[in-house]
Amino acid sequence: MTTHLPTADDQDPDSSARTSRLRAALLAAAFTADGLLDLLGAPAYAALARSETVPALRATRGDGPLETLVRLFLLQRPVPEARVRAALPVADCLADGWLVRDGDVLRATVDVRPYGGPEGQDWWIVSDLGCAVGGAGGIRGAGEDDRARLVLGVGGASTTLAGITARRPVAKALDLGTGSGIQALHAAQHATRVTATDLNPRALRIAALTLALSGARPADLREGSLFEPVGEETFDLIVSNPPFVISPVRPEGARLTYRDGGMGGDDLCRTLVQQAAAHLNIGGYCQLLANWEHVAGEEWQDRLRSWVPRGCDAWIVQREVQDITQYAELWLRDAGDHRTGQDAYAARYDAWLDEFEARKTKAVGFGWITLRKSGAQDPSITVEEWPHPVEQPLGDVVLRHFDRQDYLRATDDAALLAGHFRLADEVVQEQVGLPGAEDPEHVVLRQNRGMRRATKVDTVGAGFAGVCDGSLPAGRILDAIAQLVGEDPVLLRDRTPSAIRMLIEQGFLEPVG
């Protein structure tokens with residue numbers, strides 16, 4: 001079922017020129033993220049992201065260049081050659097294999113999806129036909145070997161990882177398990193050199209297409225599993241959207257390489273995390289998405305703390321938890337197993353539950369793992385559950401989190417009380433209590449940006465945060481509060497540093513200078 005892939009050879013001046021002409025044609029037709037939204041409208045655009053094509057088909061009944069490109073590359077419909085010639089350099093596209101002729105119509109060989117970069121760039125993500133979103137379940141008629149090699153395009157996991165990645169200029173970045181190349185494309189904007197690896201050689205070829213069509217520098221593409229392709233090399237940034245699905249171990253050929261890691265339980269994610277430290281430079285970050293097991297008789301937080309390698313700080317956020325039946329059903333549908341017939345589906349469902357029962361798995365967590373190689377003897381390891389809405393992108397939030405950990409680790413209580421702080425931007429105070437009551441039952445500080453945290457504080461905490469503008473040291477502020485509330489200033493200074501540390505750690509207060 002899988003087709004031969006186009007070529008886009010940056011070392012070949014003729015091929016590079018053809019790719020540039022194709023990119024110029026896509027831009028001229030407004031085949032961009034903004035152009036799609038304008039053409040389709042928000043409902044049809046959102047439906048397309050759910051792999052529902054009927055609204056988009058209705059919106060592309062015209063014969064303009066943009067309608068033509070949507071039908072070719074996103075809806076995978078044959079289009080008369082005369083119409084295509086009005087939108088694309090057909091000879092170039094046929095020469096490099098982006099299109100194939102089928103009688104008097106042309107067909108696309110790959111899915112090409114417009115994608116907006118973080119600074120307004122117009123990019124395109126290449127993937128296998130029908131695999132932009134929705135998993136292998138959206139592919140009909142493919143054999144096991146073809147399904148195993150499928151390369152997906154942009155999905156929620158891809159954009160989540162891109163959003164949380166710390167963006168700062170670095171010398172070397174590694175995209176481990178590159179897939180369609182979206183993380184490598186982002187990294188190419190701020191890394192001097194990008195290495196991208198994948199176990200699936202087809203993914204490496206598609207990642208090269210994504211980079212070339214989007215006008216990015218080519219990456220160093222290497223085939224292999226986990227860190228094998230990079231030997232003992234070290235990097236300033238490692239990003240990975242690995243095959244983290246916790247699925248029954250199946251024969252090699254039956255795996256879906258984009259999601260099934262081939263190891264038992266959550267061993268692939270654990271192995272990736274534990275091996276990352278050896279491939280990070282001091283100060284370097286490793287950021288990945290992961291699934292982890294909730295095992296009977298074991299706290300999931302302790303399980304994840306045990307993964308963190310020596311010399312690394314970590315921030316691990318659990319975003320979602322599914323019971324084992326929900327989890328199995330999700331990934332059975334992703335693979336299209338719900339279409340195999342009732343008996344076959346039931347047998348495969350049983351196999352998933354047998355695997356979970358054997359491993360004493362009660363549920364599966366999903367979230368983000370960020371490591372920073374600090375070399376610290378007393379590493380900062382934060383493991384938390386945060387299922388609430390956040391504001392992407394969070395890359396700067398990640399960097400500030402670890403900056404605050406450095407500050408807190410190096411600052412004792414005396415230095416803390418001598419320090420100056422300011423209330424972070426977009427923090428508001430809410431008072432909760434009965435209407436008409438003289439005093440609130442409690443006070444809540446709430447962030448309107450980033451992680452959008454909320455925390456309850458007492459009267460002292462609210463008063464302290466409210467006057468933190470960087471001008472006075474914390475100790476003097478507490479002395480003034482003690483005088484106002486009639487409390488012993490020495491006792492207040494003794495009991496307040498832990499609360500100040502909490503407000504700093506969660507990003508409500510920022511050290512000045």
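Reader: At what angle do helix 18 and helix 19 pack, and how far apart are their axes?
Author: Helix 18 (residues 459-467) and helix 19 (residues 474-485) pack at about 130 degrees, with axes 10 Å apart. Axes are lines fitted to C-alpha atoms, for helices over the stretch in contact, and angles run from 0 to 180 degrees between N-to-C directions. This is a predicted model, in which local features need pLDDT of at least 70, side-chain atom pairs count only at pLDDT 80 or more, and totals for chains, interfaces and linings use all residues. Residues are numbered from 1 along each chain as its sequence is written, and side-chain values use heavy atoms, without hydrogens and water.

Reader: What makes helix 18 oblique to helix 19?
Author: Angles under 35 degrees count as roughly parallel, over 145 as roughly antiparallel, 65 to 115 as roughly perpendicular and the rest as oblique. The angle is about 130 degrees, so helix 18 is oblique to helix 19.

Reader: Which residues of helix 18 and helix 19 meet?
Author: Val 460, Gly 463, Phe 464 and Val 467 in helix 18 meet Ala 474, Ile 477, Leu 478 and Ile 481 in helix 19 (contact means heavy atoms within 4.5 Å).

Reader: Why do strand 15 and strand 17 stand at the edges?
Author: The open sheet of three strands runs in the order 15-16-17, with antiparallel pairing. Strand 15 (427-432) and strand 17 (454-457) each have a single partner strand, so one side of each lacks a neighbour in the sheet.

Reader: How many bridges join strand 15 and strand 16?
Author: Strand 15 and strand 16 (residues 442-447) pair in the antiparallel sense over six bridges; pairing requires that DSSP finds at least two bridges.

How values were computed:
Helix = DSSP H or I, 4+ residues; strand = E, 2+ residues; numbered from the N terminus.
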